[in-house]
Amino acid sequence: MSVSAALEALRQNTDFMRCVTSWQRLPARSARLAGWPAALDPRLVTAAHHLGVPALYSHQVEVIEAALSRANVIMATGTASGKTLAYNLPVLHTMLNDPNACALYIFPTKALAHDQMAQLGGVVELLDVPITVSDYDGDTASARRADIRRRARLLVTNPDMLHTGILPYHTRWARFMANLRVIVLDELHTYRGVFGCHVANVLRRLRRICQFYGADPRFICSSATIANAQELGGALLEAPVTVVDEDGSPRGEKHFILYNPPLVDRQLGIRQSSMLVAKDVAAHFLKQQVQTIVFARARLTTEILLSYLRDQVMLDGGDPGAIHGYRGGYLPGERRSIEQGLREGEVRGVVATNALELGVDIGQLGACVMAGYPGTIASAWQQAGRAGRRSGVSVAVLIGSAFPLDQYLITHPDYFFGQSVERALLDPDNPAIVARHLACAAFELPFEVGEPYGRLGDVSEPLSLLVEEGVVHRGRDAYTWIGEGYPAGNLSLRTSVPDAVVILDIGVEPAQAIGQMDRPSVPSLLHTGAVYLHAGQPYLVEALDWEQGIARVRAAELDYYTRASGSTEVEVIETYASQHRVGAQDGGNRQRQQSPGGTIRCFGEVLVTNRISGYRKVKRYSHETLAQVPLDLPPQELRTIAYWVAISEELAMRLQEEGVLTLALDYGPSWPAQRDAARARDSFRCRQCGVPESSGRQHDVHHITPFRTFGYVVGVNEMHKVANQLENLITLCWSCHHRLERVRRARGALSGMAYLLQNLAPLYLMCDPGDLGSAVQARAPETGLPTVTLYDQARGGTGLTARLYELHDELLCAALDVVADCPCTDGCPACIGPTMDETVGSKELTRRLLQSVVAG
């Protein structure tokens, strides 16, 4: 059945159409062609004709002409717009006309690099000239590497290999570096956040080495459509750039459907799982023989959805073996086999993370199903572009999850289809990351005293810290590396921490590595007892060796998966900026005036402490909790950048009097004794997860029926005695207490505001939803004020919360719109989060808090 027929079947399905909030038909678009650039070598024109390219699109001509004039070019056009040809032609022109010229292609992933090698090889073969094209990455055989260094003129690699395998050994690449004329940087939009910060510093080191050998290469960059291509390119290249963003390529007809899962409990605002809906929609297309890709937002979701979809395909009489998963952590051979299967049509369906969002050639898929908003409008269009290319009908279905960001976009289709794509943000001067790249750069070449490092200029201060560590020697004229080993080997570009944990399958002989994971993710995903999913196969984690960096797992047939739970504490280290006016000086003290709305917004450095204290076993399909298991893992500390909003004391007092905020309760004179009695009765263990008290902190004691519902008034009644009866008290560890409060909205309006701000922030930032963390403090220790904090999840920060500080007013207004417009009765995942019966009124309290903050 054709895509059009499958779509017509959906139109006839009233249950499906009832949940469609928008069905946009994007008509086919004709190509805008232009003549071949006069300066382009005619041999390339002939080769292009042989490859079936009779003419160029208008944007391709612009790129080629700019590149031939030695400008740094950024091409920001849509999926399948011919970007590869646009940068291949000027590169090959340079090499044809200079027999010594070399070029470097940098792709963000090895998969993309291998995919491009085939296309390059085909063009070079037609030219019949001695241009050696070589790939050089972690999979390159050791026996081939010396020959590649000696002969290669066009080198294809990735940032990681450039960082660890080329720059530290640049003396072996002296010929190549001295003749390097052009660098191609593909998928520019992916170089944001932590990864972008690392890559910016790798490029600084590359340019420094090129300068040492007397080379000054120009850059040709390609990118998906983003709002600030020039700004991003300037931050990465630290040079002027020319942007080409008028797309002249043709486009086939595309249908784009926004789907909001049906409500299963209108009062609580609970909707059907987006994961289950995605399974049903994908199964519909697969049953009609439409090759389909399904995008999920996380590794765990990908594997669960893969198992669900295989089950459904089997029930429909199909072949579950034709459905595969694809994500980071799969071994290279496994990924390439899946890519080839997609191109050849043997793989009929694939469930992937954004690892397949990039331009790897996977053929002409007919349908794309997104299980939840991918975090940015740019990513949503990029994923949708994986279905359909230049001709034919294709479809993309975006299924909203229960989170506020998804619900906002699904219920505001005009915003989604009318909003320009976001700005990609990175901070190349992140001090934690810069310091480690300076160590790498010092290993590669001595730093002359006063030598600039990119736009940072003089870096003598961070170099002096390396001198203090004993790894760099300060001479009269230069800083020279004297440390052991080479520092790049211990620095990962993909995380803000230095290493990863290897996942070892001990169920086979000999034990076999099946993947790896960055350390920050390990406590929640690879703890002892966790279920690790790989290619749909559950593995039980039998032991985690944190020091050695090894998680030992064994394949197991299980009907559950696991989710870890923990807690977060935030401590302010330094405030960089705050939105208030400084009053007259009075005895050396500054008198602060709060900004309109009675809030103080701040931006600065914080220390975030995360503790994983237990995990749940969750049954597949029903998602019920089967068991709670305690864990004793070391806390993880993160020094990062944050934006926080504090409610002024005057406004907090007024809102407390109005019952909007509950900041502090007097539990009455019987409370200390009853609290100790409850802890003793529970044997000083958490009643939820069983973890014992530690020497550093007593467990909390929680009121089962909230204390405030008893109406205790100091000096008026003795209702505290009833509220504090042992039958109403339960001992909980900090983590379980925090989770229970979060679910029950015990901090009411403040927690509702935090939930909204964290979930809506990606509307304005080009980031993944998990790039930000949040914390709520009824009384922040530094100020004593009610405070909501959003922080960068990357060590040292990546510029996200700095941008939120600037977008403070817009973010609060959007939060108020969401809570005011949500149809639920008293809170749901789409606005302030789920609530319980004991906290009736939380949604209204959150609305009133936001209204007070916004209106002033």
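**Rings, a helix and a strand**

Reader: Is Tyr191 buried or exposed?
Author: Look at its relative accessible area, which is 0%. Under 20% is buried, over 50% is exposed and in between is partly exposed (1.4 Å probe, protein chains only). So Tyr191 counts as buried.

Reader: What kind of model is this?
Author: Residues are numbered from 1 along each chain as its sequence is written, and side-chain values use heavy atoms, leaving out hydrogens and water. Local features need pLDDT of at least 70, side-chain atom pairs count only at pLDDT 80 or more, totals for chains, interfaces and linings use all residues, and the model is predicted.

Reader: Which kind of aromatic pair do Tyr191 and Phe195 form?
Author: Rings of Phe, Tyr and Trp (its six-membered ring) pair if their centres lie within 6.5 Å; planes under 30 degrees apart are stacked, over 60 edge-to-face and the rest tilted. The whole structure has 23 such pairs. In this one, the centres are 5.4 Å apart and the planes 45 degrees. That makes the pair tilted.

Reader: How many residues of H5 are buried?
Author: Helices (H or I, at least four residues) and strands (E, at least two) are DSSP runs, numbered from the N terminus. H5 covers residues 83–97. It has 15 residues and is mostly covered, the buried count being 14.

Reader: What is the relative accessible area of Thr789?
Author: Thr789 is found in strand E36, residues 787–792. Its contacts (heavy atoms within 4.5 Å) beyond four places in sequence include Val570 and Trp644. Thr789 is buried, at 2%.

How values were computed
Expected span 1.5 Å × (residues − 1).
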